[in-house]
Amino acid sequence: MCSLPVPREPLRRVAVAGGKHGNEMSGVYLVRHWLLAPAELQRPSFSAVPVLANPAATTACRRYVDRDLNRTFTSTFLNSRPTPDDPYEVTRARELNQLLGPKASGQAFDFVLDLHTSTANMGTCFIAESSHDVFALHLCRHLQLQYPELSCQVFLYQRSGEESYSLDSVAKNGLALELGPQPQGVLRADIFSRMRALVATVLDFIDLFNQGTAFPTFEMEAYRPVGIMDFPRTEAGNLAGTVHPQLQDQDFQPLQPGDPIFQMFSGEDLLYEGESTVYPLFINEAAYYEKGVAFVQTEKLTFSVPAMPALTPAPSPAS
Amino acid sequence: MTSCHIAEEPIKKVAIFGGTHGNELTGVFLVKHWLKNGVEIQRTGLEVKPFITNPRAVKKCTRYIDCDLNRIFDLENLGKKMSEDLPYEVRRAQEINHLFGPKNSEDSYDIIFDLHNTTSNMGCTLVLEDSRNNFLIQMFHYIKTSLAPLPCYVYLIEHPSLKYATTRSIAKYPVGIEVGPQPQGVLRADILDQMRKMIKHALDFIHHFNEGKEFPSCAIEVYKIMEKVDYPRNENGEIAAIIHPNLQDQDWKPLHPGDPVFLTLDGKTIPLGGDCTVHPVFVNEAAYYEKKEAFAKTTKLTLHADSIRCSLH
């Protein structure tokens, strides 16, 4: 949770993290490239630091070694006493918290950009915490304006009452990029180039902000989770069917009550029985089978984002 | 040239393998479904046995535990003395050979279908190991014709050094079935439907054959493996270039010398060398990064099969 709604100082300490999940290859290869050639991450007002978030999982080309690193940045894990039996990712989360945080403290990094890909047809999606995440939302707006051909969507992941559990919550501000579809373990040139370009534009935005640009108020459309839907399962807990062909790849499209959502192995269709339209995301994401999620149900909301005034240069004489 | 002695006997024992790679889910779930309800795969007079070949890998949703099960059905591995020190898959291969083989014996299963997925855009693919196998060329011709207009490609892996010892090779007639693109760990309904249809037509063919139907001589187009191409790598062995956007998803399509093949991380294009057109397959298959294969070059050729008919009628 960011401690200030909008930064009042330039953002100097910025990190770009890839390989939080070791088999999401675009971020892994971008970070490896930047570790050798960091010039691409430099801007006049700051230089971003590339971070390979989960080295052991990256080497093994797996999502994680012991537990999902992207669910481990809660105070329970970060503040508990280290023991030799700690899962790899718990130890690593504490290391990243030392490097980029500590979470919710004044010494935390100003901004962390977290790079992800999905097997779902997520297109170009920006993931911020909530509608109060003013800086991140202005950043999303800037990206949308810079890439009108890309149909960029915004997903606000935080559910009320829940603590943020992901890496970008360690810093004062953050954002995740989620591009798809891309299989785990595969590096596609189109996704790689798009991610690289988006990162460059994120850093350009931070530099613009640092240089004293003001950003006016605007209306934002975003998606917020209202529930999840698991696959149909047998009594033993195994899959009994899969995502219906009419729902497959239809992330961000409206799902109406009565629309087919699953196709059973025995042939029949299961229909959506909710009461209202939802917008499904992460449809058929490989990593979510074990989390019991076939897709995330979201609602679409529109809201005003307040203006972000230009930074006042400091110290300066009264004008 | 016919393997006519075997072709004229009716087919009796057929197996359908899923989960040879534990994260290629279509075969896993089709086999699990058929183990509970096998009506769809029954044909009169034919024993059709669905079977999960690598259950530990399936449980972990990973390709393999110790080593790739689909590369170790050679006689040396199959003959090793059983011990707990052997890799899991080698022990498993010996069990499978005992149940469905032994390889190269009269007792082995007649046909084994081995179900696979690929992250490559290969569509419906049948894998052939022997270019002179009349019976399988006839089967593949039947499947392709039945699936049309849905394309179905035949990949011929007959090669002195590149052919590998597959799980299915313990049968008299080994058939590889590969459908993509599908990510590892994902089950897509459209891919499931395609694989299901391929099996249906294959079993229908066997049934018609056993009933005495004559299949006249025929010809099919196949893509024969020539060479595997690795990613360009740096001194540390890390990938330094990726499949070019022009080649990505273009499996089976002709690739000419000079066409873009790789794009370096610095943005340079690396073209295809040599002086002949090739047809690439397994373009950007996730599991082949560690096998150092970015794609395989194939050449297109036509195989002919003599007419076949079951001898009991």
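**View 1. The annotated active-site residue of chain A.** The UniProt annotation "active site", from an unreviewed entry, covers A:Glu178. UniProt positions follow the numbering used here, feature names are shortened, and annotations may be inferred rather than shown by experiment. This is a predicted model, in which local features need pLDDT of at least 70, side-chain atom pairs count only at pLDDT 80 or more, and totals for chains, interfaces and linings use all residues. Residues are numbered from 1 along each chain as its sequence is written, chains are lettered from A and ligands numbered from 1 in the order in which they are written, and side-chain values use heavy atoms, leaving out hydrogens and water.

A:Glu178 sits in strand β7 of chain A, residues 173–180. Helices (H or I, at least four residues) and strands (E, at least two) are DSSP runs, numbered from the N terminus. Is A:Glu178 buried or exposed? A:Glu178 is buried, because its relative accessible area is 8%. Buried means under 20% relative accessible area, exposed over 50%, and partly exposed in between (1.4 Å probe, protein chains only). Not counting residues up to four places away in sequence, A:Glu178 touches several residues, including A:His116, A:Cys125 and A:Phe282. Contact means heavy atoms within 4.5 Å.

**View 2. A buried arginine in chain B.** B:Arg63 lies in the loop between α3 (55–60) and α4 (75–79) of chain B. B:Arg63 is buried, because its relative accessible area is 7%. Its side chain makes a polar contact of 3.3 Å with the side chain of B:His21. Another polar contact, of 3.2 Å, joins the side chains of B:Arg63 and B:Glu24. A polar contact is a pair of N or O atoms within 3.5 Å; within protein, one must be able to donate a hydrogen and the other to accept it, and residues adjacent in sequence count only if both atoms are side-chain atoms. Leaving aside neighbours within four places in sequence, B:Arg63 also has contacts with residues including B:Asp68, B:Arg71 and B:Tyr288.

**View 3. Where chain B meets chain A.** The contact takes 29 residues from chain B and 29 residues from chain A. About 2,400 Å² is buried between them, and carbon and sulfur atoms give 61% of that area. Buried area is the accessible area (1.4 Å probe) that two parts lose on being put together, summed over both. How many salt bridges are there between chain B and chain A? The count is two. B:Asp249 forms a salt bridge with A:Arg188, with the closest N and O atoms 2.9 Å apart. A salt bridge is a side-chain nitrogen of Lys or Arg within 4 Å of a carboxyl oxygen of Asp or Glu. Nine residue pairs are in polar contact between the chains, both residues at pLDDT 80 or more.

On the side of chain B that touches chain A, α2 (25–36), α7 (189–210) and β8 (241–243) each supply at least two residues. The largest share, five residues, comes from α2(B).

**View 4. A strand residue in the annotated domain of chain A.** For "domain: AstE/AspA barrel-sandwich hybrid", UniProt lists residues 219–300 of chain A in an unreviewed entry. The span is 0% helix and 38% strand, and its end C-alpha atoms lie 13 Å apart. A:Arg224 is found in strand β8 of chain A, residues 218–229. A:Arg224 is partly exposed, with a relative accessible area of 33%. A:Arg224 and A:Val296 are 72 residues apart in sequence and 9.6 Å apart in space, C-alpha to C-alpha.
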